[in-house]
Amino acid sequence: MKPSIPSAALGLLGLSASLPVWAQDASVNTHKTLTLSLFAVIVGITLMITYWAARRTHSTAEFYAAGRSITGFQNGLAIAGDYLSAASFLGIAGLIALYGYDGFMYSVGFLMAYITVLLLIAEPCRNTGKYTMADILAFRSEPKKVRTVAALSTIIVSTFYLTAQMVGAGSLIKLLIGIPYETSVIIVGIVMLAYVVFGGMLATTWVQIIKAVILIIASFILVLVVWGKYGFSLPGFLNAVVNDPNIQNHVAKLLGDKAAGMSPEELGQRFLEPGLFLKNPIDQLSLGMALVFGTAGLPHILMRFYTVPTARAARTSVIWAMILIGGFYVMTLFLGLGAALNVGPAAIIGIDKGGNMAAPLLAQYVGGGPESMLGNFFLAFVAAVAFATIVAVVAGLVLAAASAMAHDLYVGVIKGEHASAKEQVRAARVATVLVGILAIVIGIAAKGQNVAHLVGLAFAVAASANLPVLLLTLHWKRFNTGGVIAGMLVGATAAIVLVLVSPNMTYPLKVKADAEKVVAEAPARRAALQAQLADPAAAAKAQADLARLDADVKKAEEDIAKVGDKRSSLMGLEKPLFELKNPGIVSIPLGFLAAFIGSLLYRDKRAEEMWDELYVRQNTGIHAE
Amino acid sequence: MASAKPKSGAAGTQKARLNWAAIEADPRFRALHRKKNVFLWGWMIAAVVYYFLLPIGAAYFPGIFNRQVWGPVNVGLLFALSQFVVAWFIAALYSRKAGRDFDPLAQDIAKDSHKFGA
């Protein structure tokens, strides 16, 4: 019996919550102990850093911005650590392992997003802000109104992102080592809270740096082994992919009827061509817009630029981040295709339908497979990297949301900027605890929900609500309070409402129809597979397919029972009103338009009077804090 | 209503008041922001156009994207990889340009800022 796969599969079926996984099989026990020890090492090191950082964190500038003591290179690593979430490491590698070329298109967008950050946002942000996104927006507008709306948008974007991370954390840790979902969410929440509450931005930064380093080293070793086998030849490696029978079979399954008449080589080559995953080109453009314009509006990324001393260091940090993030995303091509080649798409789907286990399984293969000690060590190591990834990203998000609550809402709006230094730091810590508890509660409440679209939505809201008003504040003299408020409210509302009425939501009628189709087609497929059982060459595969078919039918019957008489989605719709999964292509222009019109309809003399100061300061760094 | 007090408590009080309008009108500042705007927006637009050619090409020009040019390596894959090169190229170019042109000019203006008076 393969030791690790059953443990993960048990996690999937939810059995591990009631029955300890290690009770099943002695060899799983070593693997779990190993993983837990590596987790403990990572948590131990990061808590030591937190202790060190806590002794250096007293003022607000230290809590929110690490005393502006981080160098450009360090901040570049930390940005990479903040940005490369489990969704990139596990999710993108999985998409490439299952869909080839289309998965890699995601990787490209995630890097290109940094051009916007580099050219338009990082330096002006560093030159004119202090701790939060609202600092820039409130510079020449009416501070109380603008801080309220900007804080709201920051909290919304960070909470969407946070929810996806917490749900991912719970499911992944459960899948990787069998700790129950709720326990995982609570552990991640508490560890992350320890970093942020005691060590503030300094501890968060170093946790992100360590995580970026181990993530990149782990990926690099995997790529060396996987690609090295082919003498680092790109055509050699891809030839192996094209000629792999498992991949060919998988592509044939994806294509369905369209695969008829294609040779095995053509099927393999098809894996390296677009169109296996992304069907709607407009949806792709829309997603691309959200990535390229949204990253520069993510509050937890913007906040990182306040940790360096100068605008020049902010620029250096984005350039280092681009080198690291770009290098990582190029490696995802080899991680994903390497997993497809060595583990096989069917085996990856067998453990997790979304392909999230592609990278961990590849690590296990590289170490010598499920039977070997080294293989399980590698698997445990990658699991630990994924864990470090989640806590590092979550810490950055919580800090961003907490700073909006404490610095913008409490100090800026409620106290009208009249709060002592001590009060401000206390407010920051209290807000952090509140956001942390909120994250744990939401994480547990959202168990079993499909939250994959929440990351996309966070990017869409950032692109539609935050980026337009940031750019217009920095570049348009006539822009004012009315524009900030209208732009943010319309941009955020448009993105959220469009997702609520989009195909991302669950439509009972469609679920039922799909499930009924599975049930209706099952007898024919079962008969075909049973016929194959007679053939000794195909019997084993047919047996496995039969087992999968039974599981699918059972799942479909459960779905039908669950749907019952329900006819409409959460929003009371029987079918989507808006056909795109990604709202950016509509909501981003709406955000800009509303910001524009809002400004023209509003009179605010201060906005124009302050323009020269803002414009000179953002370009020269005079009076930058 | 529009509040009349300066941006934020602590920041405004410690620092000398400068004549921002005079700095803004200074020919050196005008030259700096004109140069920056041309460079930054020009490359921003170029990068966005280049990036969107990827999903557009993948969706509407499969004939070009699927053409194999180096064993199994097709145009689409090379084009996707070229995006990384382009991003790094723009970053390197900007780093050089800013270090040579923008930073010295900005420092020069900052150094003289108090001469403009309040």
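Trainee: Which residues in α9(A) do those of α8(A) meet?

Mentor: Keep in mind that this is a predicted model. On the α8(A) side, the contact uses M166(A), V167(A), A169(A), G170(A), S171(A), I173(A) and K174(A). The contact residues of the two helices divide into seven nonpolar, four polar and one charged. Across from that α8(A) set, the α9(A) residues are Y181(A), S184(A), V185(A), V188(A) and G189(A).

Trainee: Are α8(A) and α9(A) parallel, perpendicular or oblique to each other?

Mentor: Start with the numbers: α8(A), residues 143-177, and α9(A), residues 181-228, have axes 8 Å apart and pack at about 120°. The crossing is right-handed. Angles from 65 to 115 degrees would count as roughly perpendicular, and over 145 as roughly antiparallel. The angle here is about 120°, so the pair is oblique.

Trainee: Now α6(A) and α26(A): which residues of α26(A) make the contact?

Mentor: The axes of α6(A), residues 101-128, and α26(A), residues 611-620, come within 7 Å and cross at roughly 115°, and that crossing is right-handed too. From α6(A) you get P124(A), N127(A) and T128(A). The residues of this contact divide into two nonpolar, five polar and one charged. On the α26(A) side they are L614(A), R617(A), Q618(A), N619(A) and T620(A).

Trainee: How many residues apart are D408(A) and R147(A)?

Mentor: Side chains of opposite charge can pair when their charged atoms come close. D408(A) and R147(A) meet in a salt bridge at 2.6 Å, N to O. D408(A) sits in α18 of chain A, residues 373-414, while R147(A) is back in α8 of chain A. The bridge links distant parts of the chain, with the partners 261 residues apart.

Trainee: Over to the interface: what area is buried between chain A and chain B?

Mentor: The contact takes 61 residues from chain A and 62 from chain B. In chain A, M112(A), L119(A) and H623(A) lose the most area to chain B, together 11% of what that side buries. Carbon and sulfur atoms give 72% of the buried area, and the total is about 5600 Å².

Trainee: Which residue of chain B meets R312(A) in a salt bridge?

Mentor: The count over all chains is 22 salt bridges, and two are found across the interface of chain A and chain B. R312(A) takes part in a bridge at 3.2 Å, N to O, and its partner is D103(B).

Conventions
Residues are numbered from 1 along each chain as its sequence is written. Chains are lettered from A and ligands numbered from 1 in the order in which they are written. This is a predicted model: local features need pLDDT of at least 70, side-chain atom pairs count only at pLDDT 80 or more; totals for chains, interfaces and linings use all residues. Side-chain values use heavy atoms; hydrogens and water are left out. Axes are lines fitted to C-alpha atoms, for helices over the stretch in contact, and angles run from 0 to 180 degrees between N-to-C directions. Helices (H or I, at least four residues) and strands (E, at least two) are DSSP runs, numbered from the N terminus. Angles under 35 degrees count as roughly parallel, over 145 as roughly antiparallel, 65 to 115 as roughly perpendicular and the rest as oblique. A crossing is left-handed if the near helix is turned anticlockwise from the far one by less than a right angle, and right-handed if clockwise. Contact means heavy atoms within 4.5 Å. Ala, Val, Leu, Ile, Met, Phe, Trp, Tyr, Cys and Pro count as nonpolar, Asp, Glu, Lys and Arg as charged, and the others, Gly among them, as polar. Buried area is the accessible area (1.4 Å probe) that two parts lose on being put together, summed over both. A salt bridge is a side-chain nitrogen of Lys or Arg within 4 Å of a carboxyl oxygen of Asp or Glu.
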